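Have the viewer open and follow along.

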Amino acid sequence: MRFVERERLQSCVHCGLCLASCPTYVELGTEPDSPRGRIALMRALEDGALEPTPDVVRHLDLCLGCRACETACPSGVRYGSIIEAARPFVEGRRPRAVRLARRALAVALTSRATRRVLVGPLRAVGGRAPLARLARAVPARMLAFAAALPRAVRGRLPRVVEPAGAARGTAVLLTGCIAEDLFAATNRATAALLARAGVRVVVARDAGCCGALALHLGQRDRARTLARRAAYALASARADWVVSNAAGCGALLREYDALLSDDPRARGVAERTRDALELLAELGLPDAPHAVRCAVAVHDPCHLAHGQGVRDAPRTLLAAVPGLRLVELAESDWCCGSAGTYNLTEPAMAERLLARKLDRVAASGADVVVAANPGCVLQMRAGAIRRGLRVRVEHPIDVLAAAHGVGQMTSPPFGDTT
Ligand code: SF4
Ligand code: SF4
């Protein structure tokens with residue numbers, strides 16, 4: 001075996017029923033950029049019949065890892081685990097300079113020290129109206145991302161957030177790596193909403209990065225190291241549930257047993273992981289005291305819909321908010337191009353998918369589009385700013401927090417980005 005068991009590759013019967021669900025195939029129309037085509041490439045790589053030439057690697061790199069093909073596949077092909085196994089194999093065969101650059105990116109994004117240096121200045125200027133105006137005038141993506149950042153909040157979450165009455169259970173909250181710095185308000189709102197639902201919340205301050213970003217970059221060893229530390233911190237809380245509000249992190253936590261098959265703590269984490277919205281919908285929230293008068297469209301992040309099978313929870317919770325009207329979003333589970341680190345490593349395709357998503361958002365007539373993943377929020381918000389779309393892009397938790405009086409929406413104060 002070079003990187004994956006043959007049986008997993010052979011589970012694909014080449015029926016092609018996944019093709020119409022694959023964003024890169026629909027955009028490019030080329031077989032090697034489809035799930036079936038990529039599985040054939042990986043099978044040839046595994047057999048040694050093909051070498052990882054730049055052309056082959058290109059087709060695999062263009063895969064978003066969105067797992068829409070898994071949802072569509074009637075044969076139960078676990079495409080996500082196959083491409084995940086192929087990435088480190090491919091990584092080891094890249095030119096040295098490229099390999100080192102990708103490794104450096106993985107370290108920069110996932111280590112607290114380097115992230116603070118990178119993110120600190122961004123937090124200082126992020127979310128300011130002049131930056132948004134500049135981002136519309138100058139076609140620079142990174143400016144738009146900076147303008148899309150939520151404004152920094154002061155203080156840290158306490159180690160424990162107690163519910164008002166008797167606790168129905170304890171949840172340990174993963175605050176994330178980049179999200180911990182940039183989406184602190186959403187983390188606070190998550191803890192506050194869980195407390196309103198009767199949950200005692202333990203904040204996993206020492207968990208750090210779950211490993212998902214490193215895995216996207218094919219850095220499996222680093223991902224395992226990070227996951228081991230996170231699993232230790234999360235398991236130490238001895239909670240009933242492990243909760244994340246980031247779809248990408250939650251999807252990986254649920255698969256910790258596969259990533260760390262030798263670690264019983266990882267299995268426990270995988271079994272107890274819930275998306276924050278999923279747990280809130282399961283337990284129920286008291287009536288929201290405040291109306292949120294707007295039309296809301298729900299974008300389904302790939303790692304929530306395809307990775308975790310969670311689709312109804314955000315809609316159920318939002319539908320209960322007074323004044324809020326849900327509107328249909330076409331292709332709601334179509335990738336927005338964020339896809340972990342994809343919008344950094346594959347900007348051209350990420351832009352195509354973002355444009356498609358924003359077309360659908362504009363057509364929905366929504367005032368607010370929600371996405372339960374910080375990466376999707378930033379990607380779509382930055383795109384909306386550049387396009388001058390009069391729409392707020394929010395995490396559903398922040399909309400719910402506004403309705404329950406425990407937070408507010410995090411769009412920049414210019415709100416509609418005009
Ligand atoms: S994971 Fe997404 S981009 Fe990759 S093959 Fe499947 S549907 Fe296509
Ligand atoms: S991945 Fe599934 S749906 Fe796609 S070609 Fe293979 S068997 Fe068919």
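**A strand covered on both faces**

Strand S2 has cover on both faces: Gly 169, Ala 171 and Leu 173 are buried on one side, and Thr 170, Val 172 and Leu 174 are buried on the other. Buried here means under 20% relative accessible area, with exposed being over 50% and partly exposed in between (1.4 Å probe, protein chains only). Six of the six residues of S2 (residues 169-174) are buried, so the strand is largely enclosed by the rest of the structure. Helices (H or I, at least four residues) and strands (E, at least two) are DSSP runs, numbered from the N terminus.

Before going further, a word on the ground rules: this is a predicted model, where local features need pLDDT of at least 70 and side-chain atom pairs count only at pLDDT 80 or more, while totals for chains, interfaces and linings use all residues. Residues are numbered from 1 along each chain as its sequence is written, chains are lettered from A and ligands numbered from 1 in the order in which they are written, and side-chain values use heavy atoms, with hydrogens and water left out.

So who sits beside S2? Strand S3 (residues 199-203) runs parallel to S2 and is joined to it by five bridges; there, Thr 170 has Arg 200 as its bridge partner. Two strands pair if DSSP finds at least two bridges between them.

Now look at another sheet. Four strands make an open, parallel sheet in the order S7-S6-S8-S9. Strand S7 (324-327) and strand S9 (392-394) are the edges, each with a single partner strand, so one side of each has no neighbour in the sheet. Strand S8 (residues 368-371) runs parallel to S9 and is joined to it by three bridges, with Val 370 opposite Glu 394 in S9. Helix H24 (residues 396-403) lies across S7, S8 and S9, at about 120 degrees to S8. Axes are lines fitted to C-alpha atoms, for helices over the stretch in contact (heavy atoms within 4.5 Å), and angles run from 0 to 180 degrees between N-to-C directions.

Finally, the ligand. Ligand 1 is surrounded by 13 residues, the closest being Cys 22, Cys 63, Cys 66, Arg 67 and Cys 69. Helix H2 (23-28), helix H3 (35-47) and helix H5 (68-72) each give two or more residues to this shell, where a residue belongs if one of its heavy atoms lies within 4 Å.
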